[in-house]
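Visitor: I've got a model open and I'd like to learn how to read it feature by feature. Can you walk me through it?

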Amino acid sequence: MPRDFRFALITGASSGIGAAFARALPESTDLLLSGRNSERLDAICEELRVGGRVVEPLAADLQDPADRRRLIGRAETLEIDLLVNNAGVGQFGAVLDNDPAGEVATVEVNCTAPVELCVSLLPGMIDRARYQGGKAGLINVSSTFAVQPVPYIATYSASKAFLLSWTESLAEELRHKPIEVLALCPGATRTGSAERAGLRGEVPWAVEPEKVAREGLRALGRCSVHVVGGASRAALAPYFLPRRIAAGGLRAIMGFASKTAKRS
Ligand SMILES: NC(=O)c1ccc[n+]([C@@H]2O[C@H](COP(=O)([O-])OP(=O)(O)OC[C@H]3O[C@@H](n4cnc5c(N)ncnc54)[C@H](OP(=O)(O)O)[C@@H]3O)[C@@H](O)[C@H]2O)c1
């Protein structure tokens, strides 16, 4: 059973893992759900608004500084005590062949936005938790791609490496404060995001987004980094290899996948 928070902000809640987080939290937790697609956000809010529960949609583009400030303002007003930085994007393919705007978007959505949300919202969350004698929560959704350089999805994997490293440092800095901090590293998850990034084909060991959300909420407060699923933990193998060998091996695998994706 996930811990009982009062009010949660989940970014990227309009689909995939973010929507699964919204569904996995208990009915006693009110929700501020964000994403760009208002229609999908409204539908999820409608589904989860039961028994007087407050479930509020806020359509915002995390690449837009004004939208980020609007989201932060609303989250402060609602006095959230759980922040889930889940929104993420990425492009598959060689960096210099990809859409340059998409590469920049990857850094803004996966790195800039979570940092800005954390530095703006965490002080208030910690103060309120201290005053109320409870604990706030932070989950930053990274990836198993964070632990090594991954050619042909380089900007995405580097953005997730940033988020993992930053969250681990933050967890140490906040160790004695009333907040639990988790970097969550899912492996392949069946959400359609890989296809949207340009990757074709099913990953046989991919897990459902519900499992990722459930494990994330269970891990919060128990550890500062959690890798979802046994098969995903095997994806950490390159972590233990010399960096050049790991990057070279992944270049071969991802280069093949990139050529296959272009042919189909
Ligand atoms: N699926 C996997 O295999 C996998 C593996 C490891 C880690 N992850 C990570 O898990 C997280 C969720 O991914 P997912 O698989 O659930 O992907 P998804 O279904 O594509 O969901 C991504 C979410 O991010 C939001 N988003 C994207 N760009 C945005 C922007 N500019 N402003 C605001 N929101 C934006 C999307 O909202 P709109 O569509 O409404 O804009 C959507 O709700 C991501 O951080 C991803 O990197 C996924």
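Visitor: Let's start with Pro57: is it buried or exposed?

Guide: The idea is to count neighbours: a residue is buried if 20 or more other C-beta atoms lie within 10 Å of its own, exposed if 12 or fewer, and partly exposed in between, with C-beta atoms placed from the backbone. Pro57 has 22 C-beta neighbours inside 10 Å, so it counts as buried. Before we go on, this is a predicted model, where local features need pLDDT of at least 70, side-chain atom pairs count only at pLDDT 80 or more, and totals for chains, interfaces and linings use all residues. Residues are numbered from 1 along each chain as its sequence is written.

Visitor: Where is Pro57 placed, and which residues does Pro57 touch?

Guide: Pro57 sits in strand 3 (residues 55–59). Strands here are DSSP E runs of at least two residues, helices are H or I runs of at least four, and both are numbered from the N terminus. For touching, two residues are in contact if their C-beta atoms, placed from the backbone, lie within 7 Å. Leaving out residues up to four places away in sequence, Pro57 touches Leu33, Ser38, Leu41, Asp42 and Cys45. Glu46 is 11 residues from Pro57 in sequence and 9.6 Å away in space, C-alpha to C-alpha.

Visitor: And Pro26, buried or exposed?

Guide: Pro26 is exposed, with 12 other C-beta atoms within 10 Å. You'll find Pro26 in the loop between helix 1 and strand 2 (30–35). Pro26 and Phe145 are 30 Å apart, C-alpha to C-alpha, and 119 residues apart in sequence.

Visitor: Now helix packing. At what angle do helix 3 and helix 4 pack?

Guide: Axes are lines fitted to C-alpha atoms, for helices over the stretch in contact, and angles run from 0 to 180 degrees between N-to-C directions. Helix 3 (residues 65–77) and helix 4 (residues 100–132) pack at about 25°, with axes 10 Å apart. Helix 3 and helix 4 are therefore roughly parallel to each other; the classes are roughly parallel under 35 degrees, roughly antiparallel over 145, roughly perpendicular from 65 to 115, and oblique for the rest. The contact uses Arg68, Ile72, Ala75 and Glu76 of helix 3, and Ala113, Glu116, Leu117, Ser120, Leu121 and Gly124 of helix 4.

Visitor: How do helix 4 and helix 5 cross?

Guide: Their axes come within 9 Å and cross at roughly 10°, helix 5 being residues 154–173. Helix 4 and helix 5 are therefore roughly parallel to each other. Among the residues in the contact are Val107 and Pro114 of helix 4 and Phe162 and Trp166 of helix 5. By class, this contact of helix 4 with helix 5 has 8 nonpolar, 4 polar and 2 charged residues. Here Ala, Val, Leu, Ile, Met, Phe, Trp, Tyr, Cys and Pro count as nonpolar, Asp, Glu, Lys and Arg as charged, and the others, Gly among them, as polar.

Visitor: What about helix 1 and helix 7?

Guide: The axes of helix 1 and helix 7 (residues 209–219) come within 8 Å and cross at roughly 55°. That makes helix 1 oblique to helix 7. The contact includes Ile17 and Phe21 of helix 1 and Val212 and Leu217 of helix 7.

Visitor: Last one: which residues come nearest to the ligand?

Guide: A residue is near a molecule if its C-beta atom, placed from the backbone, lies within 6 Å of it. There are 28 residues around the ligand, and Gly12, Gly16, Gly35, Arg36 and Gly88 come nearest. Helix 1 (16–24) and helix 6 (193–197) are the elements giving two or more residues to that shell. The shell divides into 10 nonpolar, 15 polar and 3 charged residues.
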